[in-house]
Amino acid sequence: MKVLFNGASATVGTAVAAGVLWLLGGRAGHLEGTAIALAAPAGLTVCLWTSLSVSMVISAVTGMPLRRTLRETMGISTVIAAGGIAVGCGAVALAYTSPVTLIVLPPILVGLVMVYRMQVDSAQQRDRWRQLNAAAKDLAILDRTAIEARATEIAYEIFRPDGVELVVSPVAASVPTTPAQPTGCPRGADDVATTLTGPSGQVGVLRLHFARPAPWREHDQAVLAAFANLVALAVTNANTYAEAHDQAFHDALTDLGNRRMLQQRTAQAIAATAAGPRFALLLVDLDRFRDVNDTLGHDAGDQLLRGIAERLRRSVRAGDLVTRIGGDEFAVLLTGIRDAEAAETIASALTRMLARPVSVEGMMLSVEASVGIACLPEDGETVDELLRRADVAMYQAKKTHSGYRRYRADEDSSTLAHMALMADLHGALDQGDISLCYQPQIDLETGRIVAFEALARWNHPVLGLLAPDAFIGAVEQSGRIGDFTRAVLREALSTGGRWRADGARVGISVNLFARNLLEPDLATEIAQLLLANRMPASALTLEITERAVVMESATTVRSLAALHDLGVRLAVDDFGTGYCALNVLGQFDLHEVKIDQSFVRNLAGDRANSAIVRATIALAHDLGLRVVAEGVEDSETINALSVLGCDLAQGTFISPPGSAEQATALLRDAGRLATPRSADVLPFRRPAGERSGTAAPARRAYPATDGI
């Protein structure tokens with residue numbers, strides 16, 4: 001097509017030039033001065049015609065306005081063409097008049113050729129940069145396959161090679177690559193290659209193959225480098241998008257699918273169930289997983305989750321889906337099952353498999369699981385229904401310690417009530433509906449009230465006044481343990497501050513959750529509350545369960561050390577009911593041991609309990625710790641504790657928990673508010689005429705704290 005066009009254009013141009021020469025009075029084939037002079041405008045006409053014809057074709061093909069194409073094709077090219085015509089006419093005139101003078105012609109021709117080549121190179125450079133600009137738009141896509149195809153096409157358009165090889169990530173480290181060099185490079189002198197390097201490193205290799213060696217100039221290298229950067233950026237963006245898309249459906253910690261994948265696959269299974277096999281959804285929740293986080297730290301918890309995920313992945317069939325949908329909760333989508341009994345069989349096998357001990361940081365831990373089962377279509381017909389009802393069944397399995405449980409509609413209301421209780425708890429914390437009762441602790445040697453334990457109560461608008469057993473589980477599952485503890489500390493220290501301002505030197509005991517010790521600012525916040533209520537640190541005792549201190553996690557150790565440095569007293573609560581590790585008393589700088597009420601009740605009539613309590617008291621005293629017995633309900637128990645050498649006691653026999661006003665009245669009746677240094681004794685509520693029993697033996701001296 002180009003040959004035909006150029007031939008036709010030259011023919012028309014020659015005819016036009018001859019017409020112009022004839023119109024000017026010249027005659028073709030006659031070398032006369034006038035004819036030579038008239039040949040110049042005729043030749044210029046040819047140049048103008050050539051530019052016009054090319055511009056019209058380009059305008060017709062590309063849709064570019066004719067004025068713009070004329071401006072681009074005429075310019076310096078026309079000037080050079082006119083100069084060539086002038087030189088040609090001058091050469092003919094010189095040859096006609098004085099051939100010897102043609103010696104000046106070669107330098108002029110060389111100059112014209114150099115100017116022309118510079119103009120061509122400049123035009124090519126402009127075209128290449130224009131193509132690069134267009135390539136940046138063409139490669140703004142997020143499909144890596146499409147990027148490879150389009151980048152290859154653009155490489156052919158810009159560099160005109162005989163072959164293009166584009167390899168994008170992953171690129172093997174052994175692939176030999178050499179940056180482009182001015183004289184061409186790898187695989188011989190006919191190939192040019194460059195690496196594709198993105199922000200995260202090498203993402204591929206681009207290689208141009210030329211059948212014959214071609215000069216590779218500095219400008220070509222710059223264009224190739226710019227093009228390689230464009231391709232590398234496009235590939236990086238596509239990879240980032242692919243990774244983000246993949247992460248949207250996968251859990252980063254376990255590499256399982258996530259809740260989004262579960263919902264998508266469950267919806268697909270629901271759509272296909274009408275024409276295919278049935279399926280079931282299993283919701284798996286680990287029991288006591290928070291104990292691992294609280295005692296060993298979150299790194300150990302993450303390691304355990306990865307181990308559980310791998311066990312689940314290996315235990316299901318090839319077509320089943322295992323996902324982690326949050327925290328310590330997993331879901332298994334069983335496809336192609338016969339009936340609900342088959343789902344229960346699989347759930348039973350999973351619970352037995354998960355009950356086997358797993359190694360975490362060199363320790364063998366047993367973390368059992370509770371599994372809830374929901375089947376389609378009996379238990380739900382939508383994704384949300386199946387998830388919610390599997391969750392209801394899982395909660396019932398956890399509540400009954402049955403391992404696994406199929407969803408039952410008659411159990412749904414109680415679970416919904418628990419969920420409602422958790423929802424109400426958020427409002428209670430925000431509105432200050434959590435209040436405190438105070439139970440006194442007396443010194444068994446003097447009978448004086450030396451401290452009060454602050455016990456939380458929830459004044460629920462519908463259920464009435466709730467004791468901790470009714471809502472502590474909801475607090476632990478609500479994620480607001482920190483808010484709950486801060487609310488209790490604020491009220492307890494405020495009450496204790498008022499008592500001390502009125503002259504009563506009594507302490508306050510507050511229970512901490514194990515998870516509170518993972519809060520880095522716990523000691524700082526407590527110090528601020530003590531300062532605000534003018535309470536000395538020694539007047540506050542923080543009661544911590546054994547599981548919080550039995551294993552040395554770094555965070556727990558730091559928190560306990562910070563609290564000890566602050567000066568607050570630290571007590572192990574419910575001692576003997578957790579891990580039963582006596583050596584825990586020597587691992588940390590503790591001040592107090594609280595013997596659980598299960599050992600204290602029936603102490604006088606049970607030799608085993610008496611032996612346990614005696615041993616605990618002796619061990620604690622040898623370690624310099626004070627011993628508190630809780631759950632004292634009769635005079636025999638308090639007398640037995642006194643004989644065994646217990647330091648403090650609390651229980652309903654002494655006084656049940658009461659409001660701050662009732663506690664204040666106890667202090668006033670005991671004379672503690674009026675005469676804070678007196679040795680007045682709190683009158684026990686014994687039946688009339690009942691004696692206190694055997695007198696306590698002499699005690700060892702115990703280092704007292706400020707006013708206690």
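The legends below describe close-up views of a predicted model.

**Figure 1**
Helix α1 comprises the 22 residues 2-23. At 1.5 Å a residue, α1 should span 32 Å, and the distance of 31 Å between its end C-alpha atoms agrees with this. Ser9, Gly13, Ala17 and Leu21 are the residues of α1 shown here as buried. These residues lie on the same side of α1, because they cover an arc of only 105° around the axis. An α-helix has 3.6 residues a turn, so residues three or four places apart point the same way. The face turned away from the buried side of α1 carries the exposed residues Leu4, Thr11, Ala15, Trp22 and Leu23. Glycine 25 follows α1 and has a positive phi, near 95°.

**Figure 1**

**Figure 2. Isoleucine 141 in the loop between α5 and α6.**
The loop between α5 and α6 (144-159) contains isoleucine 141. With a relative accessible area of 29%, isoleucine 141 is partly exposed. When neighbours within four places in sequence are left aside, isoleucine 141 is in contact with Ala146, Ile147 and Ala234. Isoleucine 141 and alanine 238 are separated by 97 residues in sequence, while their C-alpha atoms are 7.3 Å apart in space.

The structure holds 21 salt bridges. One of them joins the side chains of arginine 150 and aspartate 138, at 2.8 Å from N to O. This pair links distant parts of the chain, with arginine 150 in helix α6 and aspartate 138 in helix α5, 12 residues apart. Arginine 150 is partly exposed, at 22% relative accessibility. Aspartate 138 is also assigned as partly exposed, its relative accessible area being 31%.

Arginine 486 and aspartate 483 form a salt bridge in which the closest N and O atoms are 2.9 Å apart. Both residues belong to helix α15 (residues 481-501), where they are 3 residues apart, about one turn of the helix. Arginine 486 has a relative accessible area of 25% and is therefore partly exposed. Aspartate 483, with a relative accessible area of 31%, is partly exposed. A network of salt bridges links Asp430, Arg480, Asp483, Arg486, Glu519 and Glu525.

**Figure 3. Threonine 495 in helix α15.**
Helix α15 contains threonine 495. Buried means under 20% relative accessible area, and threonine 495 counts as buried because its relative accessibility is 3%. Apart from neighbours within four places in sequence, threonine 495 is in contact with Tyr438 and Ala660.

**Figure 4. Buried and exposed residues of helix α16.**
In helix α16 (residues 522-532), the buried residues are Leu522, Ala523, Ile526, Leu529 and Leu530. Seen down the axis of α16, these residues fall within an arc of 125°, so they line one face of the helix. Gln528, Leu531 and Ala532 are exposed on the other side of α16. Just after α16, arginine 534 adopts a positive phi of about 55°.

A salt bridge of 3.0 Å, N to O, brings together the side chains of lysine 594 and glutamate 543. This pair connects distant parts of the chain: lysine 594 is in strand β17 (residues 592-595) and glutamate 543 is in strand β15 (residues 540-545), 51 residues apart. Lysine 594 counts as buried, because its relative accessibility is 0%. Glutamate 543 is buried, with a relative accessible area of 1%.

Conventions:
Residues are numbered from 1 along each chain as its sequence is written. This is a predicted model: local features need pLDDT of at least 70, side-chain atom pairs count only at pLDDT 80 or more; totals for chains, interfaces and linings use all residues. Side-chain values use heavy atoms; hydrogens and water are left out. Helices (H or I, at least four residues) and strands (E, at least two) are DSSP runs, numbered from the N terminus. The expected span of a helix is 1.5 Å times one less than its number of residues. Buried means under 20% relative accessible area, exposed over 50%, partly exposed in between (1.4 Å probe, protein chains only). The arc is that of the directions from the helix axis to the C-beta atoms. Contact means heavy atoms within 4.5 Å. A salt bridge is a side-chain nitrogen of Lys or Arg within 4 Å of a carboxyl oxygen of Asp or Glu.
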